Amino acid sequence: MSMLDSFLSRAPVVPVVVIQDVRHAVALAQALLAGGIDVIEVTLRSEAALAAITKIAQEVPQMMIAAGTVTTAAQMQAAQDAGAIVAISPGLSEPLLVAAKALQMAWLPGIATASELLTAMDGGLRFCKLFPATAVGGVALLQAFQRPFPNMRFCPTGGISLATAADYLALENVVCIGASWVASAQQIEAADWAGITRNAQRASALRVRP
Ligand code: 3PG
């Protein structure tokens with residue numbers, strides 16, 4: 001099993017988080033673990049993101065960490081140096097594809113069209129994020145991708161709620177979803193660790209199609 005395969009197979013939902021204060025990083029990771037989720041996507045959308053990744057990697061080693069919103073090769077390198085084992089991007093670009101190969105970094109690019117999917121396949125990739133999932137066609141688009149692209153697997157992300165998660169997880173080509181509601185920016189800022197653990201329990205109780 002590849003690193004990406006094992007990251008995406010751990011939990012039905014990958015929590016997508018924005019950490020503004022590095023002091024929140026370890027408590028957040030522990031709150032997710034307490035709710036049964038041992039994967040996290042720390043988006044590089046805050047000053048504290050890379051330091052937060054390092055903190056979690058050092059102090060919560062059970063947590064598998066992806067860096068999210070990786071848009072440049074330099075960010076991918078920085079994320080790997082910080083301790084992320086996966087890089088997740090909103091889109092797919094040649095420089096990122098080249099960087100992922102050079103760094104031997106597990107990479108999950110975002111795609112929204114059949115053409116981008118072909119580029120991903122040409123690059124030897126088997127997993128993509130559908131992004132922004134709801135806006136680009138959601139469940140219907142993933143169903144439509146199944147026949148022409150039977151070997152590709154997806155982590156749809158963007159606009160998926162607890163209520164709609166099951167519709168995605170029932171699809172043959174979906175391995176997991178990404179979502180911010182497990183640990184929202186407001187909950188993290190408010191240090192609402194109990195609320196995040198409850199959300200993680202709800203997320204981990206979702207079932208991926210057997
Ligand atoms: C994001 O942009 O952070 C991801 O799309 C996940 O966020 P959402 O679950 O709120 O869409």
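Analyst: Everything described here belongs to a predicted model. The axes of α3 and helix α4, the latter formed by residues 73–82, lie 8 Å apart, and the two helices pack at an angle of about 30 degrees. Because angles under 35 degrees count as roughly parallel, α3 is roughly parallel to α4. Sorted by class, the residues that make this contact of α3 with α4 are six nonpolar and one polar, with no charged residue among them.

Helix α3, which spans residues 49–59, also has α2 as a partner: the axis of α2, residues 25–34, comes within 8 Å of the α3 axis, and the two cross at roughly 55 degrees. That angle makes α2 oblique to α3, and the crossing of the pair is right-handed. On the α2 side the contact involves Ala25, Val26 and Ala29, while α3 contributes Ala52, Lys55, Ile56 and Glu59. Here the contact of α2 with α3 divides into five nonpolar and two charged residues, with no polar ones.

Helix α2 in turn packs with helix α11, residues 193–205, at an angle of about 40 degrees and with the axes 7 Å apart. The result is that α2 is oblique to α11, and this crossing, too, is right-handed. From α2 the contact takes in Ala27, Leu28, Ala31, Leu32 and Ala34, and these meet Trp193, Ile196, Thr197, Ala200 and Gln201 of α11. The contact of α2 with α11 contains eight nonpolar and two polar residues, and no charged residue takes part.

Turning to the ligand, the residues that surround it are Val16, Arg45, Phe131, Thr157, Gly158, Gly159, Ala179 and Ser180. For Arg45, an N or O atom of the side chain lies 2.9 Å from an oxygen atom of the ligand. The side chain of Ser180 likewise places an N or O atom 2.5 Å from a ligand oxygen, whereas in Gly159 it is a backbone N or O atom that lies 2.6 Å from an oxygen atom of the ligand.

Phe131, one of the residues around the ligand, is also joined to Pro132 by a cis peptide bond, with omega about -15 degrees. Pro132 sits in the loop that runs between β7, residues 127–130, and α7, residues 133–136. Another backbone detail is found at Gln104, which is not a glycine but has a positive phi of about 50 degrees. Gln104 belongs to the loop between α5, residues 94–103, and β5, residues 106–108. Both details deserve a remark because most peptide bonds are trans and most residues other than glycine have a negative phi.

Methods: Residues numbered from 1 in each chain as written. Predicted model: local features only at pLDDT ≥ 70, side-chain atom pairs only at ≥ 80, totals over all residues. Heavy atoms only, no water. Axes fitted to C-alpha atoms, helices over the stretch in contact; angles between N-to-C directions. Helix = DSSP H or I, 4+ residues; strand = E, 2+ residues; numbered from the N terminus. Parallel < 35°, antiparallel > 145°, perpendicular 65-115°, else oblique. Left-handed = near helix turned anticlockwise from the far one by under 90°. Contact = heavy atoms within 4.5 Å. Nonpolar A, V, L, I, M, F, W, Y, C, P; charged D, E, K, R; others polar. Near = heavy atom within 4 Å. Polar contact = N/O pair within 3.5 Å; in protein donor to acceptor, adjacent residues only side chain to side chain.
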